[in-house]
Amino acid sequence: MMDRSAYDSDKFEDVVAITNKKEKEYNWVTSNPKGYKIWFDEINEPYLQLSSEPQRRALYEDNRNIFGSIEDVPRALERSSLQRVIQILKRHRDVYFCRAKKESLKPTSAIITTICAEIAKDKTPTSDIFSLLQTIADEIEIYDSHRILEEEAFYKRYAGKKIIEKRSGVWMIVNPVNPYDNLADSWNEQPEKAKAFFEWVIQIKRDYVETVNLDDTNFVAILENNFGKKNVRSVINEDAYKLSASKEILNTPKPWRN
């Protein structure tokens, strides 16, 4: 049973009912995109503030023909470390599950965004993308213990860990602005989805978190070999890394390997 008492009613007062087609049948589900955006923006704001000024300056310098001053740069163009981490995870998910030919098992964007934001909410904001990625990956990995520990043992060892729950064998990731919506419903219908999710998180750590001790050039090259140079350069600050000429890494960790 979901505990709905802890949810801010102001954020789910705009819940609307929409139709959802499942196989050949239609049923009613609820959705609250407006409330979800408000919820996410509140968590994201302190992360955004840490990198706002340098981002706005860089956007202005690169687009002087568009913006008359730094103040003219729209806030919507800025991206926080939290948003960048979510971008990285979504891209890694797409590559991993596509190459593994398991696209039907990949986690939804709603699951990834919700888990990342819930974890970030209780952490000290940082502008360091990869330290935040490591924090989030480490935290998610804790929940993998649900697969091997009895319910009572899990909550005794990991008191307060309730972002991903498993109660009486039922997986639950509660929509933060709609407590009647369990984002992990499909995990209960297809248990292999939960297994695939945690295996993917472990692969993220192997591919990226555990490579942070490499020198800057090799670290960025590994990212570029797996994601493509354009994608990587769009989410990292090149000035933060001491990069020599780009080089091909032939023996890179593959995000799709089993």
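This is a predicted model: local features need pLDDT of at least 70, side-chain atom pairs count only at pLDDT 80 or more; totals for chains, interfaces and linings use all residues.
Where does Asn182 sit? Its place is in strand β6, which covers residues 178-182. Is Asn182 buried or exposed? Its relative accessibility is 6%. Buried means under 20%, so Asn182 counts as buried.

Now turn to helix α3. This helix covers residues 109-121, 13 residues in total. From its first C-alpha to its last, α3 reaches 18 Å. That is close to the 18 Å expected at 1.5 Å a residue. How much of α3 is buried? The count is 10 of its 13 residues, so α3 is largely enclosed by the rest of the structure. Look along the helix to find them. The buried residues are Ile111, Ile112, Thr113, Thr114, Ile115, Cys116, Ala117, Glu118, Ile119 and Ala120. What do they pack against? Their partners include the helices α1 (33-62), α2 and α4. Strand β5 (174-175) is also one of them. So are α6 (185-189) and α7 (192-207).

Two of those partners, α2 and α4, also meet each other. Two packed helices are described by the angle between their axes and the distance between the axes. Helix α2 spans residues 81-99, and helix α4 spans residues 129-143. They pack at an angle of about 65°. Their axes are 9 Å apart. The crossing is right-handed. Which residues make the contact? From α2 come Ser81, Leu82, Arg84, Val85, Ile88 and Leu89. From α4 come Ile129, Phe130, Leu132, Leu133 and Ile136. The residues of this contact divide into 9 nonpolar, 1 polar and 1 charged.

Pick out Ile129 from that contact. Ile129 lies in helix α4. Its relative accessible area is 13%, and it is buried. Compare its position with that of Val85, in α2.

Finish with helix α7, another partner of the buried residues of α3. Helix α7 has 16 residues, which should span 22 Å at 1.5 Å a residue. How far apart are its end C-alpha atoms? They are 22 Å apart, which agrees. Helix α7 has buried residues of its own. Among them are Ala194, Ala196, Phe197, Phe198, Trp200, Val201 and Ile204. The list also includes Lys193, Gln203, Lys205 and Asp207.

Conventions:
Residues are numbered from 1 along each chain as its sequence is written. Side-chain values use heavy atoms; hydrogens and water are left out. Axes are lines fitted to C-alpha atoms, for helices over the stretch in contact, and angles run from 0 to 180 degrees between N-to-C directions. Helices (H or I, at least four residues) and strands (E, at least two) are DSSP runs, numbered from the N terminus. A crossing is left-handed if the near helix is turned anticlockwise from the far one by less than a right angle, and right-handed if clockwise. Contact means heavy atoms within 4.5 Å. Ala, Val, Leu, Ile, Met, Phe, Trp, Tyr, Cys and Pro count as nonpolar, Asp, Glu, Lys and Arg as charged, and the others, Gly among them, as polar. The expected span of a helix is 1.5 Å times one less than its number of residues. Buried means under 20% relative accessible area, exposed over 50%, partly exposed in between (1.4 Å probe, protein chains only).
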